[in-house]
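Here is a short briefing to read alongside the model. Please have the sequence and the 3D view open as you go.

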Amino acid sequence: MSEFKAWMSAMGYHGKQVAKAGASIGMGAGTAHLRYRGEKAPDLMERLAMAAVTAGLPAWSPERHLELEACGKVATAVLACIKSRAQS
């Protein structure tokens, strides 16, 4: 299963919503179908967009910068907590 198809499934999209899922991360329909079929893996920017949509983050803007920066700090703290609990 392609990474994009797995992400779509995890997000609740189905096979007839490939273009819609792609549009949610700024991807054109043709590119979304290529990723869905596994003909090309998502690049770093696409994977970061997939992560942002999964986390419910808004698009970056100068007005949102501090809010998003704070989200990053919270995420870092949560991930460190999860990692420390997994090691204990």
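Which residues does S2 touch, not counting residues up to four places away in sequence? S2 touches R35, Y36 and G38, where contact means heavy atoms within 4.5 Å.

This is a predicted model, in which local features need pLDDT of at least 70 and side-chain atom pairs count only at pLDDT 80 or more, while totals for chains, interfaces and linings use all residues. Residues are numbered from 1 along each chain as its sequence is written, and side-chain values use heavy atoms, leaving out hydrogens and water.

- S2 sits in the segment before α1; helices here are DSSP runs (H or I, at least four residues), numbered from the N terminus.
- With 13% relative accessibility, S2 counts as buried (buried is under 20% relative accessible area, exposed over 50%, partly exposed in between, using a 1.4 Å probe and protein chains only).
- The S2 side chain also reaches the backbone oxygen of R35, at 3.0 Å; a polar contact is a pair of N or O atoms within 3.5 Å, and within protein one must be able to donate a hydrogen and the other to accept it, with residues adjacent in sequence counting only if both atoms are side-chain atoms.

**Aromatic cluster**
- There are 2 aromatic pairs in the structure (ring centres within 6.5 Å, taking the six-membered ring of Trp; planes under 30 degrees apart are stacked, over 60 edge-to-face, the rest tilted).
- The ring centres of W7 and Y13 are 6.1 Å apart with planes at 35 degrees, so this pair is tilted.
- Ring pairs join F4, W7 and Y13 in a cluster, and W7 is buried at a relative accessible area of 8%.

**Helix α4**
- E46, A49 and M50 are buried in α4.
- The buried residues of α4 fall within an arc of 105 degrees seen down its axis, so they line one face (the arc uses directions from the helix axis to the C-beta atoms).
- Turned away from that buried side are the exposed residues L44, M45, L48 and A55.
- The cover over the buried residues of α4 includes α1 (3-10) and α3 (29-37).
- At the N-terminal end, D43 caps α4 through a side-chain oxygen 3.1 Å from the backbone nitrogen of M45.

- L57 lies in the loop between α4 and α5 (65-87) and is partly exposed at 35% relative accessible area.
- Not counting residues up to four places away in sequence, L57 touches A52, L68 and C71.

Methods
Helices (H or I, at least four residues) and strands (E, at least two) are DSSP runs, numbered from the N terminus.
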